[in-house]
Amino acid sequence: MSAISTSLPAGVQGLLSLATTATPAAGIDLRAGFSALLQGQGLSAGLAHALWLPLPMLLVLTAAVVGVLVTVWLERKISAAMQQRIGPEYAGALGILQPMADGLKLLVKEDIIPARADSLLFTLGPVLVLVPVILSWLIVPFGQNLLISNVGVGIFLWIALSSIQPIGLLMSGYASNNKYSLLGGLRAAAQSISYEIPLALAVLAVVMMSNSLSTVDIVQQQSGAGMLSWNIFRQPVGFLIFWICVIAECERAPFDLPEAEEELVAGYQTEYTGMKFALFYLGSYINLVLSGLLVAVLYLGGWTSPVPVEWLAGLLGQSIDAPAVQLVTASIGIVMTVLKAYLLVFFAVLLRWTTPRVRIDQLLDFGWKFLLPVALANLLVTAALKLSFPAVFGG
Amino acid sequence: MTIAVSTQLICFLALSATLLIGALGVVLLPNIVYAAFLLGGVFLSMAGLYLLLNASFVAAAQVLIYVGAVNVLILFAIMLVNKREPLRDMPGLLLRRLLSAAVCAGLLALLLRVALTMPWPTPGPASIGEGAVVRIAEHFFSDYLLPFELASVLLLMAMIGAIVLARRDVMNVDVVTGEPADQGLLEKARTPLLLSKDNPRP
Amino acid sequence: MFGFLRQVGDYTRDAVDAARYLTQGLAVTFDHMKRRPITVQYPYEKLIPSERYRGRIHFELDKCIACEVCVRVCPINLPVVDWVMNKETRKKQLRNYSIDFGVCIFCGNCVEYCPTNCLSMTEEYELASFDRHSLNFDSVALGRLPTNVTTDASVTPLRELAYLPRGEMDPHGVAADRRRAGRLPSEVAAEWAAPAGGEEVRP
């Protein structure tokens with residue numbers, strides 16, 4: 001921050017901290033800059049820190065919700081294009097305000113709790129579904145210092161948090177006092193815990209190569225030679241397993257059995273309406289964007305661009321430590337992460353509107369009898385490769 | 001007292017309170033589903049306590065194993081059985097309750113005595129924070145190798161046992177008619193849907 | 001051992017096949033993304049019904065002789081012909097005629113068999129109403145002239161796929177004077193009317 005704070009006035013600095021929040025490599029720390037700014041106004045260090053804390057959280061929460069709006073719009077537009085329709089058109093230019101209108105509608109809808117439902121659990125269920133998903137955004141890095149908390153357990157925290165979700169689904173399924181809801185909740189829980197295992201094994205192979213659970217370290221391990229050092233080339237099988245499992249965890253087609261409308265009406269969300277239903281909806285789409293981001297982080301090099309930024313800066317004769325270059329680098333990092341994530345979201349949408357839904361026994365067969373052995377073999381092969389070629393597969 | 005310390009204290013108190021109330025609810029509530037959900041809450045607040053102790057890996061493992069697997073399986077079992085009614089009166093319920101209360105009180109007294117008489121080294125060893133993963137792994141593969149491996153053998157045994165219990169015997173002949181039985185439904189074998197030269201109608 | 005290896009081989013081939021079919025499916029949907037939407041923005045754009053479209057039935061009271069042929073050929077005897085015998089003229093006098101379009105299946109038999117051609121099919125298909133009883137059209141409602149897509153100023157008429165010029169898939173922006181593919185009915189009729197051998201042709 002020191003480099004920027006000497007060259008820019010304080011107001012611009014505040015804007016900068018919101019716009020970019022941090023910058024890479026050279027260890028520029030916007031948190032320290034923010035604290036220093038507030039302490040310059042005569043606040044204590046602890047208070048300045050406490051004032052800083054909610055800022056990145058709010059920013060990421062906003063990013064997540066805006067990401068959901070964009071994803072919903074994309075989903076509707078892309079699916080329309082695939083079916084040679086037009087899709088949302090009248091709400092805003094190209095229907096861009098349609099998700100907003102949907103959200104508003106859900107917000108003002110009557111909040112119905114069925115008469116024989118368990119009202120406490122019925123209310124708590126959607127919350128338990130949404131909260132872990134939002135918490136998982138803690139560990140998504142958009143740049144070197146550009147994440148809420150670089151906890152050491154990183155990706156493991158996400159796996160742990162995503163295992164809370166089935167409890168919320170079971171809770172809402174049970175509390176609705178409806179056989180379809182209960183079946184949907186049970187299916188969701190079974191599916192979730194079945195696909196968690198190959199998912200964790202695929203992550204483990206990546207973690208083994210980077211020697212760290214931290215998402216920042218995982219990205220840095222892929223940042224050597226631009227696009228060529230991305231994990232997808234070292235872990236193609238792991239990438240596929242992870243992607244399939246993540247889609248199954250998001251309960252999206254072809255794995256949307258818990259909400260299979262032909263069989264279970266709408267599964268665990270049958271009885272829900274208004275904002276509680278919106279929480280489920282929000283949760284599933286935040287989870288989708290989060291999954292895209294995490295696949296980008298684990299396999300597509302996170303914030304690194306296909307051509308290394310350092311190399312480009314050297315080509316243009318700029319020092320990588322110059323404030324302007326650092327700003328550009330940080331922006332490229334954010335754009336790259338989001339771009340990769342949305343590319344994956346696009347593939348998820350493509351997959352959803354292409355594939356038919358699998359049957360429940362096919363789903364469990366696929367998870368336990370195909371993905372799990374393949375993930376184990378992938379882990380074994382990765383370990384062997386790591387031992388034989390430590391230079392390429394992490395030492 | 002700095003903000004950090006007071007925040008930590010408040011978090012500790014809140015987590016302990018939820019843990020105690022949740023644990024009491026698990027034991028005392030007549031509705032078994034509520035008890036199971038509260039158990040999840042207890043596990044979660046325990047993970048929070050681990051987090052306060054700077055043991056983030058243990059906390060995440062606690063959430064993954066206890067909340068994500070154990071508690072979900074408990075809930076799963078309860079909901080598959082789906083008994084909504086509370087415990088019915090059975091003969092000698094009061095006696096049973098008194099007995100279990102006495103046992104629990106004895107255990108509590110024992111634990112309290114240990115906790116109070118034990119010369120706790122305060123402050124304990126410094127938290128190693130992020131190095132915990134490495135330290136745990138080292139212990140697993142050196143001095144705790146045998147329990148670690150035994151645990152995995154136990155899990156394997158449980159898995160095989162479950163398969164043996166759940167697997168239905170495949171009958172090759174129909175018991176009544178003596179004809180070869182159609183395994184299509186039982187074993188999910190591929191019964192051809194379309195007739196062709198290769199598989200004429202049996 | 002060999003059997004096991006073959007099983008593994010079969011399984012692998014199945015998995016690869018499944019992946020290939022999935023990719024094919026994805027390629028199909030991806031390919032569709034570059035095609036233009038075929039959406040007809042309904043209240044503003046409407047497809048022109050074909051010449052032999054069987055829409056709401058038009059009825060001319062003055063032509064009707066109350067013979068009740070329409071009732072007899074109707075699969076469910078739907079038309080209600082309300083007539084009285086006029087003693088002076090010794091003729092049937094029609095008082096009212098009604099068809100319930102909530103029940104009618106638009107088969108066109110009544111139109112086909114009507115001896116005086118007082119019944120005819122129109123191209124009107126927007127029969128939605130708030131009350132099913134208002135679908136029961138009496139002779140006045142049946143006698144109304146049908147609305148026409150091509151003459152309605154607030155509607156952009158679009159040609160159906162079969163009426164588009166050769167090679168055109170999208171009706172948007174196709175000029176009205178461009179000929180449709182194939183021969184027009186009038187041309188077919190003209191060919192029949194002037195046969196090569198001078199024989200009598202079917203009417």
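Chain C contains five helices and seven strands, where helices (H or I, at least four residues) and strands (E, at least two) are DSSP runs numbered from the N terminus. Their order along the sequence is α-β-β-α-β-β-α-β-β-α-β-α. This is a predicted model, in which local features need pLDDT of at least 70, side-chain atom pairs count only at pLDDT 80 or more, and totals for chains, interfaces and linings use all residues. Residues are numbered from 1 along each chain as its sequence is written, while chains are lettered from A and ligands numbered from 1 in the order in which they are written.

**Overall form of chain C**

- Chain C has a radius of gyration of 28 Å, whereas a compact globule of 203 residues would have one near 17 Å; the radius is taken over C-alpha atoms, and the globule rule is 2.2 Å times the number of residues to the power 0.38.
- Along the principal axes, the C-alpha atoms of chain C fill a box of roughly 105 × 45 × 45 Å.
- Of the 203 residues of chain C, 8% are buried; a residue is buried if 20 or more other C-beta atoms lie within 10 Å of its own, exposed if 12 or fewer, and partly exposed in between, with C-beta atoms placed from the backbone.
- Among contacts in chain C between residues at least 6 apart in sequence, 65% join residues at least 24 apart; two residues are in contact if their C-beta atoms, placed from the backbone, lie within 7 Å.

**Annotated cysteines of chain C**

- An unreviewed UniProt entry gives the annotation "binding site" to Cys64(C), Cys67(C), Cys70(C) and Cys114(C). These residues are spread over 51 residues of sequence but cluster in space, with a largest C-alpha distance of 10.7 Å.
- UniProt positions are given in the numbering used here, feature names are shortened, and annotations may be inferred rather than shown by experiment.
- Cys67(C) lies in the loop between strand E2 (57–59) and helix H2 (69–73) of chain C. Cys67(C) counts as partly exposed because 16 other C-beta atoms lie within 10 Å.
- Cys114(C) lies in the loop between helix H3 (109–113) and strand E5 (119–121) of chain C. Cys114(C) counts as buried because 20 other C-beta atoms lie within 10 Å.
- Leaving aside residues up to four places away in sequence, Cys114(C) touches Val69(C), Cys70(C) and Leu119(C).

**Strand pairing in chain C**

- Strands E3 (residues 80–86) and E4 (residues 91–100) of chain C pair in the antiparallel sense over seven bridges; two strands pair if DSSP finds at least two bridges between them.
- Val80(C) has Ser98(C) as its bridge partner in E4(C).
- The hairpin of E3(C) and E4(C) has four residues between the strands, and Arg90(C) takes a positive phi near 55 degrees there.
- E4(C) also pairs with strand E6 (residues 136–137) of chain C, in the antiparallel sense over two bridges. Ile99(C) stands opposite Phe137(C) in E6(C).

**Contact between chains A and C**

- Ten residues from chain A and eleven residues from chain C make up the contact.
- On the side of chain A that touches chain C, helix H5 (54–82) and helix H17 (323–352) are the elements that give two or more residues.

**Annotated spans of chain A**

- The "transmembrane region" feature, from an unreviewed UniProt entry, covers several spans of chain A, including residues 278–304 and 324–350.
- Residues 278–304 of chain A are 81% helix and 0% strand, with end C-alpha atoms 34 Å apart.
- Residues 324–350 of chain A are 100% helix and 0% strand, with end C-alpha atoms 38 Å apart.
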